[in-house]
Amino acid sequence: MNSRTQARRRRKGPSTFYKLFSALVLIAVIVGSSMYGTAFYKAHNMLSGTQVTLEDDPTLEPTRFDKEDTESFLVLGTDLSPQKKARGEYGRSDVMIVVILNKKNKQTTMLSIPRDSYVNIDYTGFNIPYGKTGLDQDKITHAYYFGSMDESNPNNGMRVATNTIEDLVGIDIDHVVSLNFQGFVDFIDAVGGVEIDVPFSSEQKSYDASREVVQVEAGLQQLSGEEALAYVRNRYDDPRGDIGRGQRQMEVINAVLDQALGTSLINNYDKVLKAVGDNMQTTLGPNDYMRLIEDVGALNNTIQYQLTGEGARGNDGHFYYFLNEPLLEEVRYRVQQADAGNEVEPMTETELETYMYDPSGITYEAQ
C-alpha cells in the first residue's frame with residue numbers, strides 16, 4: 001500500500017484519559033459500597049445490570065483469579081450515545097486501553113492503541129453483514145463497530161475487539177469494560193463537577209450530534225462534565241502539544257478521584273450509580289469489584305505505553321494509522337512481561353524519540 005499512499009499526514013493518538021477513568025468509576029462504586037451497607041445492595045443490583053457474557057462458558061467463576069499474580073483488562077471508550085443506540089446505530093471504539101494489574105508487585109501497566117491503527121481483524125465465526133466473513137485488514141475501531149452488527153449477540157462488538165487486540169498484543173484479556181462518553185460526562189456531573197486551574201482558554205466541539213462549541217476559560221474553574229470532557233479532548237489550543245494534553249488528562253483524573261472518593265460520592269451516590277449503570281457494559285461481576293478493591297494501590301504505580309506510527313490516506317480514500325513496527329514489538333514484549341507478573345519500566349524519552357523519528361519502522365501492512 002505504500003506505493004499507493006497519498007496525502008500522508010501525521011495524526012496524534014486518541015485521548016488517553018480512559019486509561020484511568022474506568023478504573024476510577026469502579027473504585028468509586030466499590031469504596032462507596034464498602035462504606036455504606038445499604039448502598040452496597042444498590043451497587044450490587046446496578047453492577048449486575050452492567051454485566052455481559054462474552055465467554056462460551058458463562059459458568060466461569062471469578063475465584064479462578066484468586067491465585068493469579070496478574071489480571072488483564074481491555075477498556076473500550078465508545079462513541080455510542082443513548083441517542084445513537086435508540087436509533088439502532090452502532091458505535092465505534094474511539095479509545096482502546098489494555099490494562100495489566102500486577103497484584104503481587106502493585107504495578108499497573110497500560111497500553112493505549114490508536115483507533116485508526118491498520119490491523120488484521122478476523123470475522124470468522126461471526127454473522128456480520130457487508131461481506132465481513134474472514135480475515136480483513138482495516139482500522140481497529142471497526143472491530144467493535146462491525147462486531148456489534150452480529151445479530152446473534154449484540155455484545156460481539158466487544159468480543160471482536162477483544163480478539164483483535166489479543167492478536168495484536170499477544171496476551172489473553174481477562175476482563176472487558178466498555179464505557180461511553182456520556183458516562184464520563186454524567187459521572188463528573190454526579191459528583192458536582194471538578195475544580196481545575198485551567199492554564200489557557202480553549203474551544204472544543206461537543207461529542208454529541210449537536211456539535212456545539214464548548215468554551216473553557218482560563219483560570220480556576222469548577223468544570224461540568226461536558227466542560228471537563230472538552231478540556232481533556234482538546235489537542236490544538238495547548239502550546240505544549242500532545243505532552244500538555246496528557247498532563248491535562250492526568251490532572252483531571254486526579255482531581256476527579258479526590259472529588260469522587262470524598263463526600264461528593266457519598267452525597268450523590270444514586271446519581272453516580274446511574275451514571276455508571278446507564279453507560280457501561282463489562283464482563284466484570286459484582287464479586288469481581290469487591291475482590292479487586294484490595295489491589296487498588298497498584299494504580300499508584302502506573303507505567304504507560306502508547307503505540308505510534310504514521311497516518312496516511314490510501315487509494316480507497318480512507319485514512320489509516322500505520323504502526324511503527326519496531327516500537328510495536330518492543331511494547332508488545334513489555335506488555336507480555338507485565339502480564340507474566342514481571343515488573344516493567346517506562347520507555348525513556350530518548351527511546352521514544354528513536355522510534356518516532358525513524359521512518360524505516362513504519363510499514364504499510366496490517367499487523
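Helices (H or I, at least four residues) and strands (E, at least two) are taken as DSSP runs and numbered from the N terminus. The structure is a predicted model, in which local features need pLDDT of at least 70 and side-chain atom pairs count only at pLDDT 80 or more, whereas totals for chains, interfaces and linings use all residues. Residues are numbered from 1 along each chain as its sequence is written, and side-chain values use heavy atoms, with hydrogens and water left out.

The protein chain contains 13 helices and 15 strands. Of its 367 residues, 53% are buried; here buried denotes under 20% relative accessible area, exposed over 50%, and partly exposed the range in between (1.4 Å probe, protein chains only). The accessible surface of the protein chain amounts to about 16,700 Å², and 46% of this belongs to carbon and sulfur atoms; areas were computed by the Shrake-Rupley method with a 1.4 Å probe, and for residues only the protein chains shown count as cover. Contact is defined by heavy atoms within 4.5 Å. Among contacts between residues at least 6 apart in sequence, 70% join residues at least 24 apart.

An open sheet of mixed pairing is built from six strands in the order β12-β7-β2-β3-β4-β13, two strands being paired if DSSP finds at least two bridges between them. From one strand to the next, the twist averages 15°. Within this sheet, β2 (residues 70-78) and β7 (residues 175-180) are joined in the parallel sense by six bridges, and T78 has N180 of β7 as its bridge partner.

Two helices lie across strands of the sheet. Helix α5 (residues 156-169) lies across β2, β3 (93-102), β4 (107-113), β7 and β12, at about 125° to β2. Helix α12 (residues 325-339) lies across β2, β3, β4 and β13, at about 150° to β13. For these angles, axes are lines fitted to C-alpha atoms, for helices over the stretch in contact, and the angles run from 0 to 180 degrees between N-to-C directions. R332 belongs to helix α12 and, at 17% relative accessibility, counts as buried. Apart from neighbours within four places in sequence, R332 contacts L168 and V169.

N180 also caps the N-terminal end of helix α6, with a side-chain oxygen 3.1 Å from the backbone nitrogen of Q182. Helix α6 (residues 181-190) is mostly covered, eight of its ten residues being buried; these are F181, Q182, G183, F184, V185, F187, I188 and A190. The helix is followed by G192, which has a positive phi near 90°.

Eight aromatic pairs are present in the structure. Rings of Phe, Tyr and Trp (its six-membered ring) are paired if their centres lie within 6.5 Å, and planes under 30 degrees apart count as stacked, over 60 as edge-to-face and the rest as tilted. Y118 and Y320 form an edge-to-face pair, because their ring centres are 4.9 Å apart and their planes stand at 65°. Since Y118 lies in strand β5 (residues 118-122) and Y320 in strand β15 (residues 319-323), the pair ties together parts that are 202 residues apart in sequence. Both Y118 and Y320 are buried. A tilted pair is formed by F322 and Y364, with 4.7 Å from centre to centre and 55° between the planes. F322 lies in strand β15 and Y364 in the segment after α13 (349-356), so this pair ties together parts that are 42 residues apart in sequence. F322 is buried, with a relative accessible area of 0%, and Y364 is buried at 10%.

An aromatic cluster comprises Y90, Y123, Y130, Y145 and F146. Y130 is placed in the loop between β5 and β6 (135-139) and has a positive phi near 65°, although the residue is not glycine. At 64% relative accessibility, Y130 counts as exposed. A positive phi, near 55°, is also found for K106, likewise a residue other than glycine. K106 lies in the loop between β3 and β4 and is partly exposed, with a relative accessible area of 33%.

Strands β9 (residues 202-205) and β10 run antiparallel and are joined by four bridges, with S202 opposite V216 of β10. In β10 (residues 213-216), V214 and V216 make up a covered face, while V213 and Q215 make up an uncovered one.

Note on methods. A polar contact is a pair of N or O atoms within 3.5 Å; within protein, one must be able to donate a hydrogen and the other to accept it, and residues adjacent in sequence count only if both atoms are side-chain atoms.
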